[in-house]
Amino acid sequence: MYELLSQKFADNRYSEVISIGNSNNITADNDPASAYVIAAAFFSLGKVQQSLEILAELEVSMGYDENFLSLYGAVLRRSGDLVLSSTIFRRAISQSPENPTLNNNYANLLIDLGQLTEAKNLLSSIVQSHPDYIDAAENLQRVDALISAQTNLSDSTSSKIDNVTLDSKSVDQLLDPL
């Protein structure tokens with residue numbers, strides 16, 4: 001079953017993967033490898049919650065596999081659980097520190113967490129080692145733009161604030177709820 005589902009997944013036939021899995025009653029308990037492919041199909045279709053439910057069940061049996069951990073970290077990130085996503089990504093990276101896809105996905109999480117310098121360093125390393133990795137290069141451009149915007153905003157705000165003197169009445173007006 002795993003081979004069939006993997007082939008359908010490779011052919012971008014995600015709905016078929018899910019349909020075959022459902023009709024064959026595949027679960028994390030009776031066929032973990034096939035359930036993993038089904039979880040990936042759900043995620044590819046944007047059905048994050050369904051993917052997350054399967055992956056949470058699979059963690060006990062597949063929590064050692066870097067590909068599983070990469071998908072699980074990405075699904076957790078997309079679901080908004082950034083703390084657990086970070087834990088899962090770091091676990092995966094400890095097993096495969098040179099994996100560019102895994103590191104790129106972790107860099108995306110770092111961007112979400114506002115850890116822009118760390119993300120930039122990681123992405124720079126990936127792009128230097130893998131210059132043809134377009135997604136990492138695009139993410140590096142994105143983090144550079146975010147850092148630049150953050151710097152410009154900080155410079156702009158601090159220069160305006162430095163030149164403003166507020167009396168107590170002005171402070172009260174600023175703090176008064178609308």
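## Helices α1 and α2

The axes of helix α1 (residues 2-10) and α2 come within 7 Å and cross at roughly 160 degrees. Helices here are DSSP runs of H or I of at least four residues, numbered from the N terminus. Axes are lines fitted to C-alpha atoms, for helices over the stretch in contact; angles run from 0 to 180 degrees between N-to-C directions. α1 and α2 are therefore roughly antiparallel to each other. The cut-offs are under 35 degrees for roughly parallel, over 145 for roughly antiparallel, 65 to 115 for roughly perpendicular, and oblique for the rest. The crossing of α1 and α2 is left-handed, a label for a near helix turned anticlockwise from the far one by less than a right angle.

From α1, L4, L5, K8 and F9 meet Y14, E16, V17, I20 and G21 of α2. Contact means heavy atoms within 4.5 Å. By class, this contact of α1 with α2 has six nonpolar, one polar and two charged residues. Ala, Val, Leu, Ile, Met, Phe, Trp, Tyr, Cys and Pro count as nonpolar; Asp, Glu, Lys and Arg are charged; the others, Gly among them, are polar.

## Model and confidence

This is a predicted model, where local features need pLDDT of at least 70 and side-chain atom pairs count only at pLDDT 80 or more, while totals for chains, interfaces and linings use all residues. Residues are numbered from 1 along each chain as its sequence is written, and side-chain values use heavy atoms, with hydrogens and water left out.

The average pLDDT, the predictor's confidence in each residue from 0 to 100, is 89 for the protein, and 86% of the residues score at least 70. Over residues 170-175 the pLDDT is below 50, and this stretch has two contacts in the model beyond near neighbours in sequence.

## Helices α2 and α3

The axes of α2 and α3 come within 9 Å and cross at roughly 140 degrees. α2 and α3 are therefore oblique to each other. Their crossing is left-handed. Y14, V17, I18 and G21 in α2 meet V37, I38, A41, F42 and S44 in α3. The residues of this contact divide into seven nonpolar, two polar and no charged.

## The loop at N30

N30 sits in the loop between α2 (14-23) and α3 (32-44). A polar atom of the N30 side chain lies 2.9 Å from the backbone oxygen of N25. The backbone nitrogen of T27 also lies 2.9 Å from a polar atom of that side chain.

## Helices α5 and α6

Helix α5 (residues 66-79) and helix α6 (residues 82-95) pack at about 160 degrees, with axes 8 Å apart. α5 and α6 are therefore roughly antiparallel to each other. α5 passes α6 in a left-handed crossing.

Residues of α5 in this contact include L69, Y72 and L76. Among those of α6 are L84, I88 and F89. By class, the contact of α5 with α6 has nine nonpolar, four polar and three charged residues.

Terms used. Helices (H or I, at least four residues) and strands (E, at least two) are DSSP runs, numbered from the N terminus. A polar contact is a pair of N or O atoms within 3.5 Å; within protein, one must be able to donate a hydrogen and the other to accept it, and residues adjacent in sequence count only if both atoms are side-chain atoms.
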